[in-house]
Amino acid sequence: MQCGYPRFFVHPSIKKLAEEVIRRHGDVEVDSATLFPTKRTAKVCYSFMAAKIPQEDVPKVRVLNFVPARGADPSSLVSSLSCVLYPKQYAPVAKQVWQHSGNGISSRRSEFLLTALQDGYLVEEHAPSAQAQEVKSRRVHKGPRRYQTKDSFDGTSTKEAGSPPPTNDARDGKEYAQFIEERFGRNLNLSLADRAKLAVRRRIAGSLTADVDLSEALEKTSSDGRIAGLSEDDVFLFPTGMSSIFNVHQILLNTIGQRKSICFGFPYIDTLKILEKWGPGCLFYGHGSAEDIDDIERRLREGERFLALFTEFPGNPLLKSADLRRIRALADEFNFAVVVDETVGNFINVNVLPYADVVVSSLTKVFSGDSNVMGGSAVLNPHGPFYRSLKDTFAAEYEDIVWAEDAVFLERNSRDFISRIEKINATTEAVTDVLKSSPIVKEVYYPKYSPTKPLYDSFKNPRGGYGGLFSVTFHSTAQAVAFFDTLEVLKGPSLGTNFTLRYVEPTDSLPPCH
């Protein structure tokens, strides 16, 4: 495979930017680089590597920070860049941070930064003043092909917006504003990205209950959303779903203290790795059963204390639902937080927020649907016992590192989120009904058919359904192979697109089909 899911395969445009940084500031034969949007996110990588590699090699790991050169308009589109450089043999260590934390730069940001770096509008932070004060003679870069059309990406013609005609003249001291115009048109500025983010946060808060465009989404709403008192101010955006989980875990550690967490139910693998590799570790209850809750309660009553319980609702791939009411009761009694990943269920189908302190989700999946942008969110329960302290910690530590272009694409894609969910629910339920009646199918895993269906139903919204993800096993490997080879759908490592994806979970036993 030449490329793949962005947290597992580093996108070619990001690799190109990393190579450019190494060419300028490292040794192409010796160094590798991992790229982050801010100093703080790069520091996470540096600290992780410093703890994992031989101590004598830690001095070989360094962080380079780049900032916009003089002339950058703070009201326009700007971005910093932090690069962790290290010996090539430690690339697998850095890759763990890239994959698990989800904080790396996006491919759209890398394209922008590469052009800015080559044109002299992105400079090393502590470079000599002459370098930082003067923009060198440069060739004008038009950017990727999709930005060379007559339309800027917010749908307004660059010609109408007054963009100057493309030129190949090399000039000294070109204004940063002109650089932005030539790439995007005058319409791309911070206000556009901020409006898109606000609309997305309102959709996630549940205060928008119909498919609406950006202008309607920005109108004042009176709805309380998922629960009374919830507003878009309780919704925080991240560049990926794993970034939301990683950063919520970090904020909980800083709010509550250094305690182990509980990973309840079979999780998405990176959630478990985050809890294991950052902080004091975790207890893993893979079955997510009533007996597992019994064991957690026993530990609590014997004096053990925990930071938080992380779970998915429902879980992937077996679509079991956790007993959130019992978990919430234990959390209230023994003072730990509850974090629920609702990516598979989504808030149109289920409302788990009343029983969680934080609800996280990957917006990359069904919220977007178009498979062309990453995103994540975290929603605070305004009635949760940790709400005030979490809100204070978020105010002090939260970084908005969602790239402007990504925010605009995410907002666009999510406009028909509600109607898509309704269609997905109906289609998937019909498909699982057919499979359930097939003599070659051994088991269908879907909330509708799960032993934990009563738990799922107790959180299901009146108009909600059972979602778009299911798993199926067959009586023999030969049947599973024949089904896979005959099934005429796209086969890829994701879920929640506007088209069907079929994914094989890599296990030692017979894999279920998703």
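**Exercise 1. The largest cavity**

Task: Find which residues lie nearest the centre of the largest cavity, and describe its lining by class.

Solution: 
- Step 1. In this predicted model, 14 residues line the largest cavity.
- Step 2. Pick out those nearest the centre: N346, S361, L363, F367 and F417.
- Step 3. Sort the lining by class. Six residues are nonpolar, five are polar and three are charged.
- Step 4. The largest cavity holds about 80 Å³ of space.
- Step 5. The whole structure has four cavities of 30 Å³ or more.

**Exercise 2. The second largest cavity**

Task: State the volume of the second largest cavity, then work out which elements give two or more residues to its lining.

Solution: 
- Step 1. Start with the space inside: about 60 Å³.
- Step 2. Look at the lining of the second largest cavity. It has 13 residues, and P267, T271, F310, T311 and E312 are the closest to the centre.
- Step 3. Assign elements. Strands β6 (261–264), β8 (308–312) and β9 (337–341) each give two or more residues to this lining.
- Step 4. Find the largest share. β8 supplies it, with three residues.
- Step 5. Sort the lining of the second largest cavity by class. Eight residues are nonpolar, three are polar and two are charged.

**Exercise 3. The second largest pocket**

Task: Describe the volume and lining of the second largest pocket.

Solution: 
- Step 1. The second largest pocket has a volume of about 600 Å³.
- Step 2. Its lining has 33 residues. G4, Y5, P6, V373 and M374 lie nearest the centre.
- Step 3. By class, 13 lining residues of this pocket are nonpolar, 15 are polar and five are charged.

**Exercise 4. Bridges, pair by pair**

Task: How many bridges join β1 to β3, β2 to β3, and β2 to β4?

Solution: 
- Step 1. β1 and β3 share six bridges and run antiparallel. Here F36 has S82 in β3 as its bridge partner.
- Step 2. β2 and β3 pair over five bridges, again antiparallel. N65 stands opposite S82 in β3.
- Step 3. β2 (residues 62–68) and β4 are joined by three bridges. In this pair, P68 has L122 of β4 as its partner.

**Exercise 5. Why is β3 enclosed?**

Task: Explain why β3 is largely enclosed by the rest of the structure.

Solution: 
- Step 1. Buried means under 20% relative accessible area.
- Step 2. Count. Seven of the seven residues of β3 are buried, so this strand is largely enclosed by the rest of the structure.

**Exercise 6. The whole protein**

Task: What percentage of the 514 residues is buried, and how many helices and strands are there?

Solution: 
- Step 1. Buried residues make up 53% of the 514 residues.
- Step 2. The protein has 17 helices and 15 strands.
- Step 3. Consider contacts between residues at least 6 apart in sequence. Of these, 71% join residues at least 24 apart.

Terms used:
Residues are numbered from 1 along each chain as its sequence is written. This is a predicted model: local features need pLDDT of at least 70, side-chain atom pairs count only at pLDDT 80 or more; totals for chains, interfaces and linings use all residues. Side-chain values use heavy atoms; hydrogens and water are left out. On a 1 Å grid over the protein atoms alone, a cavity is a set of points where a 1.4 Å probe fits but cannot get out, and a pocket is an open set with protein on both sides within 12 Å along at least five of seven lines; lining residues have an atom within 4 Å of a point. Grid points are joined across faces, edges and corners, and a volume is the space filled by probe spheres set on the points. Ala, Val, Leu, Ile, Met, Phe, Trp, Tyr, Cys and Pro count as nonpolar, Asp, Glu, Lys and Arg as charged, and the others, Gly among them, as polar. Helices (H or I, at least four residues) and strands (E, at least two) are DSSP runs, numbered from the N terminus. Two strands pair if DSSP finds at least two bridges between them. Buried means under 20% relative accessible area, exposed over 50%, partly exposed in between (1.4 Å probe, protein chains only). Contact means heavy atoms within 4.5 Å.
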